[in-house]
Structures are given as structure tokens and as C-alpha cells.
Amino acid sequence: MKIRGEVVTFLFACVVFSLPLSATADISPPPPSLPSVSLTWGNADGTAPAQIQIVDGGVYEVPLGVSAPAFFSFDDGTDSTYVSSSLSRVVPPSEPDGQETREFVAFVAPLERSRTSFAWPSAGEYELTAIQLPVFQESRVPSLFALLIGEVAHADSLFPAPPRKIRFTIREVPRCTQDCFSNVLFLPGIESSRLYRPGDEGGEDKLWEPNTNADVRDLFLTPAGESIRNDIYTKEGDVLDELPIVGINVYKSFLGRMDALKSSGAIVDYEAVPYDWRLSLDDILQYGQAIDGKVYYVGENRATSTPYIVQELRRLAATSKSGKVTIIAHSNGGLVAKQLTQLFGDEVGGLIDSMIFVAVPQAGTPMAIPAALHGYEQDHGPFGIVTSEATARAFASTSPMAYHLLPSAQYFTYVDDPVVNIDDSLPEWQAQYGETVHSHERLQQFVTGVYGKTESDDIDVPIRLDAELMTRAQTLHDSLDVWTSPQGVELIQIAGWGVPKTVKGVTYKAHEGEVQTTADFTVDGDGTVVVPSALWTREGKNYWVDLAERNRLLNRVENLNLRKIKHMDVLEVEPLLDFIDDSLQQKQLPISNYPFISEYSPSSIEKRLHYSLHSPLTLDLYDEHGNHTGVATSTGRVEENIPGTYFVQFGDTKYLFVDSGVPHHIVMSGYDTGTFTFEVGEVLGDTTTHSIAFRDVPTTPQTKVRFDVSSDIFSASDLLIDEDGDGTFETTYASSTGERVVPVVVADEPVAPSGNGMPVANTTTPEVPIPVTIQTVLGAATTTEVATTTYATTTSAEKVIPKQKLVVKKQVFRSVQKEATTTIENATLVASVASAEIPHTDFLARIRGFLKKFFHSVF
Amino acid sequence: MKKKPSLLISGVISAILIVLSYVGIFKLCGIGYSQCADTLDDWISVFSIIIFTFLFSLITYWMKNEVFTAWFRFTRVWVPLSMVAIFLAPSYASDWMFPIEKGTVLFIANILFVSISLIIIARAWWRGRRV
């Protein structure tokens with residue numbers, strides 16, 4: 001019964017809908033004057049490429065390789081039976097009497113159906129063929145009926161109209177030839193896009209920046225990292241330019257520069273792209289629909305086939321003079337940018353020409369640990385009235401963004417300093433989590449562990465983080481941390497340096513029966529992001545912003561801004577903006593033109609090592625990761641792959657410059673017979689403070705020489721010489737005198753060649769314990785400057801692998817050296833650490849703490 | 001306090017602060033970052049309000065004693081209070097929304113000091129003129 005009912009309905013519909021057509025249809029061949037087809041291509045909203053209408057025989061100039069929406073239509077606008085069209089490029093015959101062929105380009109739909117987009121692949125002749133559905137003529141009903149009952153329709157009862165064609169010529173819009181600077185897409189950092197929700201009584205309620213704890217609670221996410229409220233949105237262009245009330249600039253100067261570049265015509269356009277920074281990178285890049293200026297990343301409005309950031313990138317590329325976009329990313333924006341390039345795959349080289357990362361925590365940063373566990377420095381307003389630390393950490397504990405920023409597994413392969421220290425006064429904690437945390441497994445165990453954690457608002461005790469979100473963040477970092485800039489995309493990395501309040505770890509200890517948490521600081525960062533993470537990607541060109549110098553009172557007065565710059569407002573440093581401006585306009589000025597900006601670590605201003613070699617030998621420098629500075633044997637060109645190192649050659653004399661404190665080894669290979677003189681100097685400013693010279697040492701084309709330095713000139717090894725290239729160092733020159741002292745055979749066994757073909761000295765370096773420098777600083781009676789260098793030695797191999805050095809600056813009253821041995825995986829870490837008693841005598845801090853707690857309890 | 005000692009003391013301190021700012025830090029602490037330079041910079045911040053004190057001492061030096069006295073009554077309270085406030089403020093603000101740090105306290109203290117001083121001096125000078 002049911003089937004019969006459907007058949008009847010169908011037949012009825014066929015009859016009803018066919019009647020008018022039947023009445024007007026023409027059985028005879030198509031009429032003599034058919035409406036002509038036209039193709040419309042381009043953006044209807046006026047953005048480039050502007051919309052053009054293409055008709056038969058026309059010649060049009062368009063940008064090649066730029067995708068834009070298209071549709072076809074008829075000049076009378078009546079015929080909707082043409083359902084599709086095929087666009088082809090007409091390929092001229094290769095021979096004079098040959099036939100032209102067609103290369104398919106795209107299917108194009110009519111206006112009233114779904115739009116399609118395509119890009120013109122090249123200049124030349126094109127043909128559009130509109131295809132019609134078979135048209136039912138007068139015999140339609142019987143034919144359909146015949147079809148329905150299983151008979152084949154009569155061929156003469158279905159009349160597809162003939163395809164309609166137009167042919168036209170496409171030329172490329174003349175390319176930009178001068179000042180072809182790229183448009184800019186700016187991706188701000190975390191907490192730097194304003195977030196809103198609809199107001200309870202109409203209007204809207206701004207949730208970020210927050211006015212109360214309730215605003216932050218509205219931003220809370222589920223344990224799975226999904227927004228609880230589904231009506232939160234951001235607005236186009238609404239990034240934190242300046243803070244209300246206090247009027248402090250965040251991106252205001254930077255955006256002002258972009259405006260100036262745009263209004264001067266240097267660039268066509270730029271866009272500061274806000275995003276819902278609470279979410280995972282996948283959500284940020286998969287969603288984002290702009291509706292009436294509001295951009296939704298959550299809720300039912302978020303779904304779109306053209307996510308906001310992707311759409312903006314394509315729009316900017318289409319209008320750019322160069323056809324490409326420069327991405328400038330600050331902080332978390334860099335992680336978004338990295339993920340964005342992975343989304344585009346091979347297409348990225350055609351859309352992006354360069355990326356400028358400013359203070360991007362590429363492999364995470366230790367600051368995220370106390371921030372997530374304790375709400376450290378996440379409170380707002382006097383005594384946390386606007387946002388309390390407890391609210392802030394509860395918010396962070398379910399937000400994927402907080403997990404992205406924790407140090408990744410790869411971070412620990414590069415930076416050896418522990419991110420969590422547990423004092424001997426907490427033996428139970430040590431039993432659960434170990435004495436130190438300097439591997440990702442340990443970190444995951446610590447932050448997701450139950451022991452010692454709280455669910456209360458006691459911010460001195462850590463809360464427990466979510467294991468699933470930790471795993472997801474690490475999966476993300478597994479791909480982002482090995483990310484390299486795509487082919488054809490230049491990468492500039494800029495790190496802020498010199499803020500002594502940059503957290504490098506946290507220490508837990510028992511104090512009066514309670515757990516006490518203190519932050520360990522380093523100057524090697526911008527107050528939030530440590531330098532190694534900001535300069536993570538190896539191929540990038542690295543720059544440092546010396547915030548210590550910028551924050552000197554005199555410089556602050558000169559800049560009419562007495563606040564000290566740190567991570568959040570690093571884009572307010574004027575010389576940095578000059579540098580970015582000039583980079584965008586492809587001006588290559590000496591770096592000395594930009595105060596506070598340098599191509600090497602500012603810390604090295606105090607001490608640098610300077611090598612010179614007068615000889616028929618090559619001179620090469622390697623760090624512990626195998627990075628090389630010197631002349632590349634494959635290309636014959638100078639490469640400087642180790643940050644803070646330079647290679648120069650004048651005639652037959654080669655020079656190397658290295659930051660003091662960077663562990664490295666020098667390798668020299670003879671290429672002629674003669675003698676060489678090798679000089680090492682330690683330079684302070686322009687003054688050489690110490691030097692070593694090895695003079696008139698005989699060499700042959702077989703000679704190999706090795707010289708190791710673990711930090712400064714006093715840590716230099718003797719000069720080891722393998723005279724005949726057999727892998728054994730037969731001769732040693734003492735670094736203390738520069739003289740050949742004892743012809744020794746260092747190795748008992750043959751020396752295994754290293755990766756670069758050089759013998760590795762079997763100098764079984766003792767388990768290092770490397771000197772801790774404790775320097776009492778003039779003018780600061782109660783302050784001691786502590787520098788620690790930690791080295792890891794593997795037990796199986798004899799090669800010493802010194803690790804990244806972080807200079808630690810702590811305020812201490814007294815310091816005690818001790819040696820701590822910790823077994824980590826297969827390696828034994830022998831760390832000579834300075835344990836510093838941080839004074840708790842700061843009664844002002846106590847008063848502040850008391851007032852804070854008091855106000856918390858009141859509000 | 002009388003005009004001359006006020007002028008002399010504030011002048012000497014200002015000179016020391018300026019010399020320290022321009023060359024002293026490098027001479028004492030060396031080039032590049034050091035805790036020494038940071039600490040010295042903070043101390044200069046604490047005392048920097050003295051420079052404005054010197055300027056106003058200079059302005060009031062040629063005015064009537066009443067003007068100087070009126071201004072100095074305010075100054076002898078404001079300057080130590082400001083110095084204590086700057087001293088207590090942290091070097092770096094932990095709260096980016098409401099950044100209270102040495103720099104911002106210094107800025108506000110100096111702006112208020114200059115504004116209030118100008119008002120007091122103008123008022124006292126105007127009164128003296130009427131008399």
C-alpha cells in the first residue's frame with residue numbers, strides 16, 4: 001500500500017509540474033536567438049579580485065593563481081535548466097596543422113545553485129561550456145510513466161538542449177614590480193582577543209578583559225576543553241590594543257604602525273585576527289564564522305567551511321601586492337601560525353612569504369606550570385578583586401591553551417634545568433614525584449598526580465591537571481616542535497631577554513607544617529617565555545630584544561613610558577617596531593640601527609670568545625647538538641647555525657666569535673704543509689681580558705686538531721693534535737702555557753670518528769661538576785648573583801653533552817653549594833647546583849599576602 | 001628648612017642621580033645586565049623625585065619666603081611618602097591589567113607632585129601679590 005501511495009504521489013507531481021512546461025515547450029530545435037552565457041568571477045564584496053563579467057570574445061586581465069567565487073548565468077536570466085558548466089583552457093595545437101585541445105580547469109555552477117571557486121592557472125584562451133539537463137517535451141508524462149513501469153523511454157521524448165559555449169581570452173594582471181610588499185596577518189597572543197557574550201538584558205557583556213570573577217567563570221570550559229557557554233564570541237579586529245582605565249598599550253603602537261604602512265600604501269591591507277584563545281588550536285583553526293562582525297568559535301554558529309583565520313589569510317593574499325601574506329605572531333599566536341601552515345600543506349608557499357615570531361613559547365615555557373597549578377600572576381585587580389588566583393587556575397585547568405604552554409617533551413631535550421624542584425623537607429612528595437622534574441614524563445606525573453593536590457581555593461597547594469588534556473597537548477607538540485618553516489617561507493624569531501622575573505621552575509618545600517611554593521627565576525626570558533623556547537626553530541633567523549637595557553630608567557624616561565616592558569607588551573618596544581617595519585618593507589639595515597635589538601644573546605656583551613687561526617687548516621665550530629659554524633663542505637659557503645657565533649675569513653686567516661658560556665668544540669683540518677698559529681681570546685666589551693696562543697705548530701694535510709670549551713676561556717681543554725689523521729691524538733699543547741708539554745697518547749683504544757669524520761677525543765671527561773660561579777655583586781650587599789651550569793653525561797658513552805645554560809639570578813642572603821645526583825632515564829645527571837635560601841623576611845610581601853587573603857575572604 | 005640648604009641638598013642629590021644614571025651604572029656595574037645595575041636603577045627611581053624638588057627649589061628661590069614655605073610644607077610630606085611608595089612597589093608588575101610597579105608609582109607620584117606644587121606656588125604667589 002505504501003509503495004502504491006508513493007507511486008501515485010510521484011505521478012501526480014509529474015503531471016502537475018510538467019503541464020506548464022508542456023504547454024510552453026518547443027518540440028522543434030532550439031530557437032534561433034538563444035540567451036547568451038556569461039561567466040562571473042571575483043569577489044562580490046568589492047575586495048580583490050574584484051568581480052568581472054566575462055562574455056564571449058572578451059579579453060580580461062586577472063591575477064593568476066588567486067581563487068575567487070564564480071558562477072555562470074544567461075543574459076535574460078530565465079533559463080535555469082542549465083545546471084552546470086565546464087571551464088577549459090584552450091591549448092593551441094603544437095603543430096601548424098594540428099588540432100587545439102582542452103585542459104579542464106573547473107566546473108562552474110549557475111548563480112541560483114551553489115557557488116564554486118577557482119583560480120586561473122595561466123594566461124590564454126578559455127572556453128566555458130554550459131550543459132543542460134535533458135528537457136522533457138510534450139511526451140514527457142507517458143515517457144516517465146514508461147520509465148516508471150520499467151520500459152525504456154523513447155529516445156525522441158527527451159531533448160537535451162545543445163551546450164552553449166563562450167570563448168574568451170585571459171591575461172595576467174601586470175605584476176607588481178616595485179615595492180611589492182606583502183599584506184600582514186597578525187595573530188595575537190593568549191588573553192589578547194576580547195571575548196563577549198550576549199547580555200542578560202540585551203546588549204552584550206564583555207567577558208575578557210574581565211570585570212569580575214563572574215566574567216571569568218563564564219569563560220570556563222568542560223573537563224574535555226569545550227566551552228560551557230555556547231554564545232561566546234569575539235569581534236573582527238578586536239584585539240587588545242590598550243587596556244581600559246589604566247590606558248596601558250598592549251598592541252596599540254604595533255597596530256598604529258600597521259595602519260601607517262597601510263595608509264602610506266606600502267601594504268594594501270593588514271588584519272589583526274582575534275580568536276577564542278581558550279580553545280585548542282584545532283578548534284581555533286577549524287571553526288570561526290564571522291556573522292555581522294562577530295566571530296564565533298563555539299556554539300552552533302561556529303561551523304563553517306571557511307574558518308575565519310583561513311578566510312582572512314586567503315583574502316589578504318588575494319589583495320596583497322606580492323600575492324602573499326606575512327604572518328606576524330606574538331606569543332601563543334605563533335603556535336596558531338605553525339598549525340595554520342600545516343593546515344595548508346603544499347599550498348602554503350603560495351600564500352605566505354614570511355613569518356615573524358615575537359616571543360612565541362614554541363616548546364612551552366616553565367611559567368605555565370605555576371600559572372596552571374597556582375594561578376601564579378594570573379590574578380587581576382587590587383587583591384584579586386577582578387580575578388582571583390583561585391578562579392584563574394580553575395579556568396586554566398580545563399583550558400587547552402594552558403596545556404599547550406606547558407613545557408613539552410622536546411623542551412626537556414634542550415633545556416636541562418628542572419622545572420620543578422622538591423625540597424628535602426617534603427620527603428613524601430619526593431617519594432611520589434622525585435626530587436626534580438626535568439622530563440616530560442615526570443612533569444605529566446607531577447601535574448596529573450593526586451598526591452599533595454587540592455581541590456580547595458588554597459593557592460599555595462597545587463591543583464591536579466587533566467591527564468587527557470596533557471596528552472593532547474603533547475600530541476600537538478610532537479608535530480609543532482619538529483616544525484620547520486615551509487619551503488619558500490622565511491622565518492624570523494625574536495626573543496625578549498633580560499627580565500629577571502622570568503620563571504624557570506618552581507620549588508616546593510615545607511614551611512611551618514605547610515607546603516610553600518616559590519618560583520625560581522632566570523634573566524633568560526621576557527618575564528614569561530624563556531629564550532630557548534622563543535628561538536626554538538632551527539632554521540629561523542634569530543634576534544634578541546634586550547629588555548634589561550630597554551627597561552633602564554633613563555631609556556624609560558626617553559621613551560616617555562616609565563613602565564618596564566615585558567612579554568605582554570614587547571611589541572611596544574619602538575626599535576622592534578622599526579625592525580618589523582623595515583623587514584616588511586624589505587629594507588636591510590645594519591642591526592646596530594635598532595637599539596636593544598641584537599643578533600646575539602645580550603648576555604654575551606660581557607664576555608665573548610674570539611678565535612683566530614693563521615694557517616693552512618680549516619676552522620669549524622660545533623655545539624653539543626652538532627650544529628655547525630664555519631665553511632660548509634657541501635656548499636663552500638659560510639654557515640652560522642649556532643646562535644651567537646660568527647665566522648669571518650680574511651685571506652688565509654680565519655676568525656670565530658662565540659658567546660662565552662656556550663659549550664662548543666673547535667675542529668681544524670689541515671690542507672697543506674706548514675705551521676699554524678691558533679689564538680684564543682676572551683673579550684669583555686672591546687678589551688681582551690685573557691688569551692691563549694699556540695704558535696708555530698707543525699701541520700700537514702693529514703693533521704686534525706681539536707679544542708673543547710665548556711663555558712669560558714678557563715674551561716678550555718688542551719689543544720689535541722692528531723698529526724697523521726689516524727684517529728689518535730699524539731700531541732697535546734697545554735692551554736695554560738700554549739706550549740707543547742707532553743706528547744701523550746690520550747686514548748687506550750682507537751678513537752671512533754665522529755659524525756663529521758673527525759676523531760672524537762677519548763677524553764673521558766669526568767662527570768662534570770661544573771663550577772658554580774658565585775659572584776658577589778658590587779653595590780648590592782644582600783644580593784648574590786648565582787650562575788649555574790648543568791651538564792649531563794651519559795653513562796654508556798664517553799661524550800660529554802653539556803646542556804643549555806640558563807643564568808639564574810636570585811636574591812639570596814646566603815648560598816650553599818651542594819651536589820645532587822639524579823638518575824634520569826639512561827643518563828646520570830650530575831648537577832652542581834646552588835641552593836639558595838630565599839629570604840622570607842620580606843615583611844611587605846607578607847603584608848601584601850595577608851591583605852590579599854583578607855580581601856579574598858571578604859569578596 | 002631654609003631656601004639655600006634646600007636648594008643645595010636637592011641640587012647635590014640631583015647631580016649625583018643624573019651622573020649615576022648616565023655613566024655611573026656602567027662604571028659601577030659594567031656593561032650588560034647585572035643585578036647590580038637593576039638595583040642601582042631601582043634606587044635612582046626612588047630618589048628621582050628629588051630632581052623635581054630641586055627644580056621647584058630653584059623656582060621658589062627667587063620668590064618670597066612665604067611662597068617657598070607654603071610649597072615646602074607640602075614637599076616635606078609628599079617627597080618622603082612618594083619615596084616610600086616607590087621603594088615598596090615591585091620592580092615588575094605581576095598584574096598586567098592593573099600594573100602597580102616602581103615605574104607607574106614614580107610616574108603618578110611625580111605628576112601629582114608637579115601639579116600640586118604648581119598650584120601651591122601659584123596660590124601663594126598670588127596671595128603675596130595681593131598683600
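This is a predicted model: local features need pLDDT of at least 70, side-chain atom pairs count only at pLDDT 80 or more; totals for chains, interfaces and linings use all residues.
A:Arg197, A:Asp200, A:Asp205, A:Asp218, A:Arg229 and A:Asp231 are joined by salt bridges into a network. Over all chains, a search of the whole structure finds 37 salt bridges. Side chains of opposite charge can pair when their charged atoms come close.

Two further pairs within chain A can be followed in detail. A:Glu103 forms a salt bridge with A:Arg89, with 3.5 Å between the closest N and O atoms. This pair links distant parts of the chain, 14 residues apart: A:Glu103 belongs to strand β6 (residues 101–108) of chain A and A:Arg89 to strand β5 (residues 82–91) of chain A. The cut-off for buried is under 20% relative accessible area.

The second pair is A:Glu242 and A:Lys252, whose side chains meet in a salt bridge at 3.4 Å, N to O. A:Glu242 is partly exposed, with a relative accessible area of 27%. A:Lys252 is also partly exposed, with a value of 40%.

The next stop is the interface between the chains. Chain A contributes 43 residues to the contact and chain B contributes 33 residues. Between them the two chains bury about 3500 Å², and 64% of this area is on carbon and sulfur atoms. Of the area that chain A buries against chain B, 18% is supplied by A:Arg552, A:Leu553 and A:Lys564, more than by any other three residues.

Charged pairs also cross this interface, where the rule finds three salt bridges. One of them joins A:Lys564 to B:Asp42, with the closest N and O atoms 3.5 Å apart. B:Asp38 forms a salt bridge with A:Arg552, and here the closest N and O atoms are 3.3 Å apart. This pair runs between chains, from helix α2 of chain B, which holds B:Asp38, to the loop between α17 and α18 of chain A, which holds A:Arg552. Are these two residues buried or exposed? B:Asp38 counts as buried because its relative accessibility is 11%, and A:Arg552 is buried, with a relative accessible area of 5%.

Polar contacts between chain A and chain B number seven residue pairs, both residues being at pLDDT 80 or more. On the side of chain A that touches chain B, the elements that give two or more residues are α17 (547–550), α18 (553–558) and α20 (843–858) of chain A. Among these, α18(A) gives the most, with three residues. By class, that side of chain A has 22 nonpolar, six polar and 15 charged residues.

On the chain B side, helix α2 (residues 35–47) of chain B has 13 residues. From its first C-alpha to its last, helix α2 of chain B reaches 19 Å, close to the 18 Å expected at 1.5 Å a residue. This helix is mostly covered, with eleven of its 13 residues buried. The buried residues of α2(B) include B:Asp38 and B:Asp42, and also B:Leu40, B:Ile44 and B:Val46.

Back in chain A, A:Gly225 sits in the loop between α3 (213–218) and β15 of chain A. A:Gly225 is buried, with a relative accessible area of 4%. Leaving aside neighbours within four places in sequence, A:Gly225 is in contact with A:Leu279, A:Thr398, A:Pro400 and A:Leu469. A:Gly225 and A:Asp466 are 9.8 Å apart in space, C-alpha to C-alpha, and 241 residues apart in sequence.

Some backbone geometry remains. A:Trp208 and A:Glu209 are joined by a cis peptide bond, with omega about 10 degrees, and A:Glu209 is in the loop between β14 (204–208) and α3 of chain A. A:Glu191, a residue other than glycine, has a positive phi near 60 degrees. A:Glu191 is found in the loop between β12 (183–187) and β13 (195–198) of chain A and counts as buried, at 12% relative accessibility. A:Asp696, also not a glycine, has a positive phi of about 50 degrees. A:Asp696 lies in strand β36 (residues 687–699) of chain A and is exposed, with a relative accessible area of 55%.

Note on methods
Residues are numbered from 1 along each chain as its sequence is written. Chains are lettered from A and ligands numbered from 1 in the order in which they are written. Side-chain values use heavy atoms; hydrogens and water are left out. Contact means heavy atoms within 4.5 Å. Buried area is the accessible area (1.4 Å probe) that two parts lose on being put together, summed over both. A salt bridge is a side-chain nitrogen of Lys or Arg within 4 Å of a carboxyl oxygen of Asp or Glu. A polar contact is a pair of N or O atoms within 3.5 Å; within protein, one must be able to donate a hydrogen and the other to accept it, and residues adjacent in sequence count only if both atoms are side-chain atoms. Helices (H or I, at least four residues) and strands (E, at least two) are DSSP runs, numbered from the N terminus. Ala, Val, Leu, Ile, Met, Phe, Trp, Tyr, Cys and Pro count as nonpolar, Asp, Glu, Lys and Arg as charged, and the others, Gly among them, as polar. The expected span of a helix is 1.5 Å times one less than its number of residues. Buried means under 20% relative accessible area, exposed over 50%, partly exposed in between (1.4 Å probe, protein chains only).
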